[in-house]
Amino acid sequence: MSGRGDERLIPPDGDAPEPPRMPRRPPPVRRPRFRQWRGLLGTVAALGLLGTVSGGLVLLGGYHHLVSGLPTVDGLQNYQPPVMSRLYSDDDRVVAELAAERRIFVPASAIPLRVQNAFLAAEDHKFRTHAGVDPMAIIRAGLTDVLFRHNRRPVGASTITQQVARIMLLGSNALSFERKAREALLAIRIEQVLPKDRILEIYLNEIYLGNGAYGIASAAQTYFNKPLDQLTNAEAAFLAALPKSPTNYNPFRYPAAALARRNFVLDEMVDIRAISRQEADAAKAEPLMPKGFRRPGPLPDSEWFAAEVRRRLIDRYGTQQTMEGGLEVHTSLDPKLQQAEQGIVRDALMAYDRSHGRWRGPVTHLNDITASADWLTPLRDVTPPGGMLTQWRLAVVLDGRGRIGWADGKQDVTGHTGTLSARDAGWMRGGHGVRAGDVIMVEPLAGQSAAALRQIPLIEGAAVTMDVRTGRVLAMVGGWSYAASQFNRATQAMRQPGSSFKPFVYLAAMQNGIPPSQTFLDSAVSYGDWHPNNYEKDFWGPTTLHDALRESRNLVTIRLAAHLGMKTVADLSQQIGIADNMPHVLPAALGAVETTVLREAGAYATIAAGGRKVTPELIDDVRDRNGHVLWKPDGLNLVSALPPPPPPQAPATGTDPAQGGDTAQGSAAGNAPQGGSAADAVFPGGRDEASPSAPPAAPQPPAPLSAQTPPFIEDTRPQVATADAAFQVTTMLQDVIRRGTGRAAGAGITTPLAGKTGTTQNFNDAWFAGYSAGLVTVVWMGYDTPQSIGKGETGGSLAAPIWNRIMKAALDGRPDLEFRVPEGVTLVRYDTGRGVTTDAFLDTQTPGSSTRYTDKGASGELTAADTGAENMPVSESDMSGAYDGEPSSGAGGRGPAASQRQEPASSGGDIGMGGLY
């Protein structure tokens, strides 16, 4: 053997070996059938569980994504929507509404059931029962969108609660599933926090209903000019039709669509059993909008007044509270007087423009216009110019013979034709001429086939009327047209008042004990390059203050101001409020200061009120949305106890030496009147002629109070001038109207009046300011860019007639009140030397007397050192920055202001910076 283990043994007989047999495979084992199903089910369950967990995680993630940025709904519990503020006149009519969103808040308890049902029928039938979302409505809307509305905006299925969520919390109207899901989640939360009535209240006060109206109360006013409780079924249904699309259902632009939508809402109201079928049919028969309806707007001609009130509210409360705080503002506006005053000013401006200017040409020109052609269509396309009044019409000239055509409003489809008067046609030919196709402005004449030619004036005017005692502004005109220019010339235009400022110089004199009969020299005077003169260019010599004020004598006023010291005049003027920073220069005494019409009205009211500071007020009170008073003017208070007697006032006897000026009283006893005869009045016996410096009497104890004591008005306003001095000026100003420069102001009026004309240098401004015992009115007329209004056009000829017409309208129906004479003042009739007149004198003054002032060694002539003229600019253009601080030592100097030596007349000279006449 070879020892190899792999060799085979071959049998000896040589037979081949048999092949090895393969082992037999056992038969497969069969598992039970239930085990197979169990495995399959287990697999499916595992996959299902995995899918559920994955889906749950996805949904949870999506939910967290949706809710992570959701706003809280807790704020809706105390939510107060932004509400517009409303201005009311003194008779509680709405003057104007101030709003970023025009909204009137109405609580749920005040919303009529008819209105609630209309909106539930249109927007959410199941509002009272669902929990924030309506699943059936969502399914119905989804099927409709899939089956019938391809490539169109999806049908909405939002409930009212969802709309509140979108409007109040999301602020988005994007079309997306995410927004709808967030909206639904918020709606469910809102339903858990707020009751149904509160949700409906928020919705009905927040929704936008077109034409600038937010909320149902504002919409009812906008479309029907009614409160909610007066709406009919048809009107409530129309409002409920608007939330779907305020633009597409605008009744003024798409009346057919709006009518169809309203009728649909009426049918829905029948479905929810809010109304019967008969009521719905009757409502469908009503017109969409009432006939003759006019959308409410500002009270006619009240825009100037309302704009000034708005400015004051914003200054006090800021823009947000003014426009969104729901303020209730009661104003002093008298609508009847306001409308009359605006018309009077416009009439005067048109009359001046007609008499002083030419016709300035047509508005535009239309080609190919003849009487037989269609002229109405192209005329409708012409835009009216700013400042065109509502009663005017655009007209087109049809031929060269003065025939014109115009349309009487947008509803006029045929137009009107007529003629211009020969006078109007002549005025047109004297200007730019006229030809067929010219578009002009006319005012149709009632009952006639004719029209009057109209033109917007270039000159402007302003007027203010206010109550003397309270300062309540009853009417305010700021110019020709608020639509043309919102610049208020009564409150914003700073103009020189001219001679209408002079009464405050004379008030300073009366305040310092100078009597109205005191004479000052009316003669020529020069200060450097300034040569003031009287308007008439003549000189009267010694002239009483009464005559000088009545005839507006410039040179006497200058000498009086120089005697007082310009600091005295400036201080009093600033206390009264006519000027903030008055330069201490003599031209300022003639009105070379800047003020406004409203300021001057307040200053004149201060004189009329006996020296009490009167501040013009347009607002009686301001209340918040809950009716609580936020503000009312100070100074006048109603109290229910007797006031203590006022401490006695020592009579004013002279100028404070610190303010400049000399003693104005002098020795009154024994002085005969200079320039007139003795007074013819009888005085009560026992008049005290003691020295003015005697100590005042001890004050008396207050009167005992009584249970029957009636309430009284407590006046805490400062006394800026004595009642005696104010009455003395009033008495002199009465003569200005009776027989002075203001005669035109008093024509046809029986009520006692006082006033003063004002005309500035180069006739740039015309003023008249005056008052009765109860009312004060100031009128101004001039150009926005100062220029002459015409040689000889003074305040007495232009402004006084306007003032006269305004006061006639204002005094209509009021009793004729006399000016109250203060205690210790006597009215005396005497001869001034230029006629017999009546003046008021204090007990310490000798009626009709005039004192010769001590000249203290001066030459007897006014000099720069005596008058403060070194502070005066050398030209009118330098006036604005002439003086800013305290006067120099010469500013308050004194001189013999009433020298009795007649000075030679100068050969020429200016009228003077400031007042003329």
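Tyr 482 is partly exposed, with a relative accessible area of 22%, where buried means under 20%, exposed over 50% and partly exposed in between (1.4 Å probe, protein chains only). The model is predicted, so that local features need pLDDT of at least 70 and side-chain atom pairs count only at pLDDT 80 or more, while totals for chains, interfaces and linings use all residues. Residues are numbered from 1 along each chain as its sequence is written, and side-chain values use heavy atoms, with hydrogens and water left out.

Rings of Phe, Tyr and Trp (its six-membered ring) pair if their centres lie within 6.5 Å, and planes under 30 degrees apart count as stacked, over 60 as edge-to-face and the rest as tilted; by this rule there are 13 aromatic pairs. Trp 304 is buried, with a relative accessible area of 1%.

Phe 504 belongs to helix α15 and Tyr 604 to helix α19, so the pair ties together parts that are 100 residues apart in sequence; helices here are DSSP runs (H or I, at least four residues), numbered from the N terminus. Both residues are buried, Phe 504 with a relative accessible area of 0% and Tyr 604 at 0% relative accessibility. Ring pairs also link Phe 504 and Tyr 604 into a cluster with Phe 501, Tyr 771 and Phe 819.

Notes:
Helices (H or I, at least four residues) and strands (E, at least two) are DSSP runs, numbered from the N terminus.
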